[in-house]
Amino acid sequence: MEREGNDCHVGDTSLTASLFDDEASVLSSTFLLDHVGEVTLTFHEDRLSWKLVGPLDNDVSTCLRVKYFPKVATEIKLSEIYAVDLNDHGSIYISSLPPATECLLLGEDIQMYRFTVHGFIRSKNQPSQCILADYTFGHTNLQMCRKWVNQLNASLKREVGRPKNLLVFVHPRSGKGNGCRTWEAVAPIFSRAKVETKVIVTERAGEAFGVMSSITNMELNSYDGVVAVGGDGFFNEILNGFLSPRFKAPYPPTPSDFVHVVKDNGYSLDHDDDEIVAETSSKKEDQFPLISSPKQFGSRISNLNSADKAAEFPVPNEWFRFGIIPAGSTDAIVICTTGTRDPITSALQIVLGKRVHLDIAQVVRWKTTPRSEVEPNVRYAASFSGYGFYGDVITESEKYRWMGPKRYDYAGTMVFLKHRSYEAEIAYLDVESDEINLTSKRDHQGNLIRAVRSSHISEKRICRTNCNVCNEKPNHASVGVCSLTPHLNSEETRWARSKGHFLSVGAAVISCRNEKAPDGLVADAHLSDGFLHLILIRDCPHASYLWHLTQLTRRGGNPLNFKFVEHHKTPAFSFTSSGDESVWNVDGEIFQAHQLSAQVFRGLVSMFASGPEV
Ligand SMILES: Nc1ncnc2c1ncn2[C@@H]1O[C@H](COP(=O)(O)OP(=O)(O)OP(=O)(O)O)[C@@H](O)[C@H]1O
């Protein structure tokens, strides 16, 4: 049915004339809101609100003498609107009962001009999760709809930080093989928000690394960020492809007796562009042998034309951000940065231009070549690097890839039953910091021999949206790369050591929350505090280790409060194995290293995410 102006206020031009000529920040008009009724729509500076017109009241209404409290929203903030569309002339449904009754049987469809405001609401059960919410408004006057759409779109354009152009990598076989379907489910959010996307569906491992490392700076500058539709390993590949040729930083600091020889501990990219060195790592050594030594980066850079050499792409880069749409087996990075494992929430945080900084660990393997030269091989990690149990699980799980995500449970059980320990020495920078809530004991040489952490999670400062710890400015005024390693600049640093047989050696960059470990490996790790959490599990009885692993799976558990567990919050460490060897697991990818050094760069990259709400 076509409703004419004299039927209701919705067509009353006197009420709505020259609405936007007015300079006032509060504008208002009457519309029919789909599935609700006639409303007065008001445009405030930072939000849009609507109130039912007529006998019904927004707060409470009665029908057949029963009181109903409306469940419908009455406003939306501009920051929660991701798109506004002018629709075709079509139907607006109006119930003849109050909206709160949710009785949709007694109503009518009215043909009108319409526009839709696309936004979201938060899930009541999971506050981090966003649920799409559309509000369609109808009016008899097309011009009126157009004016509102134009006004709203002009205001959305002024919202800061929203991306316009993104490079999207889709891993079709990620997790349960749902990568493409996951992207198809969220792609309309990007198109509605008018975000251009260049989509690359990968055909093999390493392809995204190749694209990211060889893309010209000029082209990269045309994007506001890169989105990975896949798991942690896929994101790691993209991150490494991005950082390897662009990020210039010194290697991690090491104790004086760490055997590698680095001429002047130079910057990892401070080299001659024309120097081309043959690949030294073989396919057998790494599952993903694509991250080359610094000298090899030179060969890639020299492929870039001279115009691109001139086009700069500074790293860290405040504007350029990374997004992850979860489709993997674990998705720990997405859970830590968005608080949930939900493709819709991730897509919304990307198009709305959210931002958190993320620490990145630089992990360097030191390897002696047949010519007895020691060569470094750099890898970057966003979530976790682990040796022993973690390395063995990833190696074992690769044999059962066909099982999908269940392969990790199966491989984990097999590795647990084998109960292998590895001899190693770990040296870590012991930073005197008020922030470190560990009480430590030292042996007579001053070496830190045990760290005990406070046992109640409530005492810990958990990383959340607008986290104070992550936003804290470091005490030391520093510039350039030094600003990324604030805890190395402290005068109160010393090397402490742990030596012996370990079931595992792990370094968590972030809490690594996931569905199996709801608080993560380290509940109070932060997204960008500039610290690694070194977790050393000494050889112990099978049952004790099982008890530690069980604590990991419990919300509020205390997996670090065991005698055989050491937890050190540190900006850098080195590792040397002796005897039998395992491999390192860097963000879920195999990295074979007998000698390794690592450091963390505070907030090196920015993510399209707002941090966990809870
Ligand atoms: N088309 C492809 N075919 C096979 N492997 C690929 C392809 N594209 C990417 N890869 C590689 O697959 C590996 C695993 O990918 P991803 O992290 O998405 O999945 P996952 O292992 O199931 O999830 P998670 O890392 O969260 O446990 C990555 O190292 C990635 O480089």
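**Close-up views of a predicted model**

**Figure 1. Strand β27 within the chain.** Strand β27, residues 595-607, is largely enclosed by the rest of the structure, because 12 of its 13 residues are buried. The model shown here and in the other views is predicted. A residue is called buried when 20 or more other C-beta atoms lie within 10 Å of its own.

**Figure 2. Strands β15 and β24 beside β27.** Strand β15, residues 356-368, runs antiparallel to β27, and nine bridges pair the two. One of the residues to look for is His 357, whose bridge partner in β27 is Ser 606. Strand β24, residues 572-578, is also antiparallel to β27 and is joined to β27 by five bridges. Here Phe 573 has Ala 598 of β27 as its bridge partner.

**Figure 3. Strand β14 beside β27.** Strand β14 covers residues 321-326 and pairs with β27 in the parallel sense. Two bridges make up this pairing. Phe 322 can be found by its bridge partner in β27, Met 607.

**Figure 4. Helix α6.** Helix α6 consists of 12 residues, 232-243. Among the buried residues are the charged Asp 232 and Glu 237, along with Phe 234, Phe 235 and Phe 242.

**Figure 5. The shell around the ligand.** The ligand is surrounded by 22 residues. The closest of them are Gly 230, Gly 231, Gly 233, Phe 234 and Gly 328. Helix α6 gives the largest share of the shell, four residues. By residue class, the shell holds 11 polar, seven charged and four nonpolar residues.

**Figure 6. The whole chain, for orientation.** The chain has 614 residues, and buried residues make up 45% of them. Its secondary structure comes to 14 helices and 27 strands. Of the contacts in the chain with a separation of 6 or more, 73% are between residues 24 or more positions apart.

Definitions and conventions: Residues numbered from 1 in each chain as written. Predicted model: local features only at pLDDT ≥ 70, side-chain atom pairs only at ≥ 80, totals over all residues. Expected span 1.5 Å × (residues − 1). Pairing = 2+ DSSP bridges. Near = placed C-beta within 6 Å. Contact = placed C-beta atoms within 7 Å.
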